[in-house]
Amino acid sequence: PYDVSFERIASDSAVAQQWEQHVLDELCSQWQGHKYYLMAFSGGAALALNGLHRHPNCVGAAMFGADDFPT
């Protein structure tokens with residue numbers, strides 16, 4: 001999204017929360033309230049692991065191709 005600085009997602013929790021809210025509101029709104037499983041590739045994996053994996057409705061994740069996965 002135009003209003004999210006990707007360079008700051010890892011270091012600024014407010015920016016990471018803004019990214020997560022964009023995903024939940026714009027991409028996942030039709031499944032709101034349902035459990036979900038994250039799957040991502042490359043740069044999408046890095047973005048998915050900036051908060052979406054901690055959401056109470058996330059039941060798991062599978063990532064491929066990203067470096068430096070957070071612990």
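Guide: A strand, in what follows, is a DSSP run marked E of at least two residues, numbered from the N terminus. The model above is a predicted one.

Visitor: In which strand does Y37 lie?

Guide: To place a residue, we compare its number with the range of the strand, and the strand in question covers residues 36-41. Position 37 falls in that range, and so, with strands taken as DSSP runs, the place of Y37 is strand β1.

Visitor: Which residues make the nonpolar surface patch with Y37?

Guide: Y37 touches V59, G60, A61 and A62, when residues up to four places away in sequence are not counted. One of these, V59, also belongs to the nonpolar patch of about 370 Å². Besides Y37 itself, the patch is made by M39 and V59.

Visitor: How far apart in space are Y37 and A14?

Guide: Along the sequence, Y37 and A14 are separated by 23 residues. Their distance in space, taken from C-alpha to C-alpha, is 23 Å.

Visitor: Which element gives the largest share of the largest nonpolar core?

Guide: The largest nonpolar core holds 14 residues, and those touching the most other members are V4, I9, W19, Y36, L38 and L52. Two or more residues of this core come from each of α1 (13-27), β1 and α2 (43-48). The largest share, 5 residues, is given by α1. In soluble globular proteins, nonpolar side chains tend to be buried together, and the element asked for here is α1.

Visitor: What is the radius of gyration of the protein chain?

Guide: The chain has 2 helices and 2 strands, which follow one another in the pattern α-β-α-β. For 71 residues the globule rule gives 11 Å, and the chain's own value is close to that, so the chain is as compact as a globular protein of that length. Its C-alpha trace spans about 30 × 25 × 15 Å along the principal axes, and its radius of gyration is 12 Å.

Key. Residues are numbered from 1 along each chain as its sequence is written. This is a predicted model: local features need pLDDT of at least 70, side-chain atom pairs count only at pLDDT 80 or more; totals for chains, interfaces and linings use all residues. Side-chain values use heavy atoms; hydrogens and water are left out. Patches are made of residues with over 30% relative accessible area and no salt bridge: like charges are joined within 9 Å, nonpolar side chains (Val, Leu, Ile, Met, Phe, Trp, Tyr) within 5 Å. Accessible areas come from the Shrake-Rupley method with a 1.4 Å probe; for residues, only the protein chains shown count as cover. A salt bridge is a side-chain nitrogen of Lys or Arg within 4 Å of a carboxyl oxygen of Asp or Glu. Helices (H or I, at least four residues) and strands (E, at least two) are DSSP runs, numbered from the N terminus. A nonpolar core is a set of buried Ala, Val, Leu, Ile, Met, Phe, Trp, Tyr and Cys residues joined through side-chain atoms within 4.5 Å. Buried means under 20% relative accessible area, exposed over 50%, partly exposed in between (1.4 Å probe, protein chains only). The radius of gyration is taken over C-alpha atoms; the globule rule is 2.2 Å times the number of residues to the power 0.38. Contact means heavy atoms within 4.5 Å.
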